[in-house]
Amino acid sequence: MENRSFRKLGRTVGVVGLGAWQLGADWGQVSEADAHATLQAAVDAGVTFIDTADVYGDGRSEQIIGSFLKDRPGLTVFTKMGRRLPQEPGNYHLDNFRAWTDRSRANLGVDTLDLVQLHCPPTPVYSSDAVFDALDTLVEEKRIAAYGVSVERVEEALTAIARPGVASVQIILNAFRLKPLERVLPAAAEAGVGIIARVPLASGLLSGRYDESTTFGADDHRNYNRHGEAFDVGETFSGVDFRTGLEAVGRLRPLVPAGVTMAQFALRWIIDQPAVTVVIPGARNPEQARANAAAADVPALSPETGEMINTVYDELIRPQVHDKW
């Protein structure tokens with residue numbers, strides 16, 4: 001698998017990683033055995049980067065990854081913090097950061113976290129010198145090796161990239177969310193900030209596996225967060241109305257090369273963006289993990305295909321999402 005660099009960390013990772021939200025909660029039930037099998041399949045397929053968060057299953061995702069890491073050194077694991085308390089800027093201070101990272105270190109079984117990300121905090125947090133001074137203190141104390149941010153909005157990403165200590169920005173980027181291409185990716189490339197592309201399949205819409213009759217379980221955010229009832233609606237189907245997303249997938253499907261799945265096509269489009277460091281599709285079973293990793297072997301898409309993706313976005317998706325995030 002192609003490797004790309006997190007320049008400020010001095011390390012490289014495979015361009016396709018694994019998002020581990022679904023190993024904790026909110027995507028239906030995944031047993032610990034299935035989670036371990038999924039992690040092993042991903043690593044066997046060349047994945048070297050895993051993304052998780054302390055809130056995924058209230059630590060379950062971190063704990064599963066931690067037990068997996070015991071006999072498998074060399075993987076890079078980024079976690080996130082900040083969503084276990086009410087989303088108030090006053091909760092983002094050094095004492096909480098120490099407590100949160102200590103809990104994640106214990107869950108993952110490591111002395112120093114590879115990198116911790118602020119987990120889509122309130123917008124004022126990005127402009128707080130005290131917050132980033134506290135993150136620098138965590139690095140000095142060797143609780144973390146580096147820090148980054150996971151964002152909802154382009155302006156938040158740009159504010160974070162301007163801070164010299166930020167090593168990575170995690171942002172929603174997929175064929176239904178093109179806005180980061182305009183300013184975020186160029187700014188990150190210039191600043192040497194790694195880009196982690198999250199929600200790459202628009203919560204599964206871009207896998208091409210769903211239709212009008214598809215239903216989701218009561219414990220699946222694609223059911224209970226359709227309109228942002230639990231958290232930012234942009235996290236669910238990238239904020240796109242489900243039926244509109246299905247229509248867009250129908251128009252994209254003829255562009256998929258022979259022998260390539262719709263999901264691999266969607267992931268390949270992200271990989272084709274040179275400023276992206278790693279894309280983190282989730283997987284609930286080994287088959288999905290292997291198929292996602294194989295997207296790195298798909299040939300680059302043609303410029304004509306890229307233009308068609310832009311056209312579908314402009315005609316169907318842009319009116320719903322472009323001005324929101």
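The chain contains 11 helices and 10 strands. Its radius of gyration is 18 Å, close to the 20 Å that the globule rule gives for 325 residues, so the chain is as compact as a globular protein of that length. The model described here is predicted. Computed along the principal axes of the chain, the C-alpha trace spans about 55 × 40 × 40 Å.

Helix 5 contributes V154, A157, L158 and I161 to the contact, and helix 6 contributes V184, A187, A188 and A191. By class, this contact of helix 5 with helix 6 comprises 8 nonpolar residues, with no polar and no charged ones.

The other pair joins helix 8 (residues 242–252) and helix 11 (residues 303–321), whose axes come within 10 Å and cross at roughly 175°. That angle makes helix 8 roughly antiparallel to helix 11. On the side of helix 8 the contact is made by T244, E247, A248, R251 and L252, and on the side of helix 11 by I309, T311, V312, E315, L316, I317 and Q320. The residues of this contact of helix 8 with helix 11 divide into 6 nonpolar, 3 polar and 3 charged.

Rolling a probe the size of a water molecule over the atoms shows where empty space is left. Across the whole structure, a search finds 1 cavity of 30 Å³ or more. The largest cavity holds about 40 Å³ of space. Its lining consists of E152, R153, V154, I171, I172, R177, K179, P180 and W325. By class, the lining of the largest cavity has 5 nonpolar and 4 charged residues, and no polar ones.

R226, H227, V233, T236, F237, G239, V240, D241, F242, K324 and W325 line the second largest pocket. This lining is made up of 5 nonpolar, 3 polar and 3 charged residues.

Notes: Residues numbered from 1 in each chain as written. Predicted model: local features only at pLDDT ≥ 70, side-chain atom pairs only at ≥ 80, totals over all residues. Heavy atoms only, no water. Axes fitted to C-alpha atoms, helices over the stretch in contact; angles between N-to-C directions. Helix = DSSP H or I, 4+ residues; strand = E, 2+ residues; numbered from the N terminus. Parallel < 35°, antiparallel > 145°, perpendicular 65-115°, else oblique. Contact = heavy atoms within 4.5 Å. Nonpolar A, V, L, I, M, F, W, Y, C, P; charged D, E, K, R; others polar. 1 Å grid on protein atoms, 1.4 Å probe; cavity = no way out; pocket = protein on both sides within 12 Å on 5 of 7 lines; lining within 4 Å. Points joined across faces, edges and corners; volume = space filled by probe spheres on them. Rg over C-alpha atoms; globule rule 2.2 N^0.38 Å.
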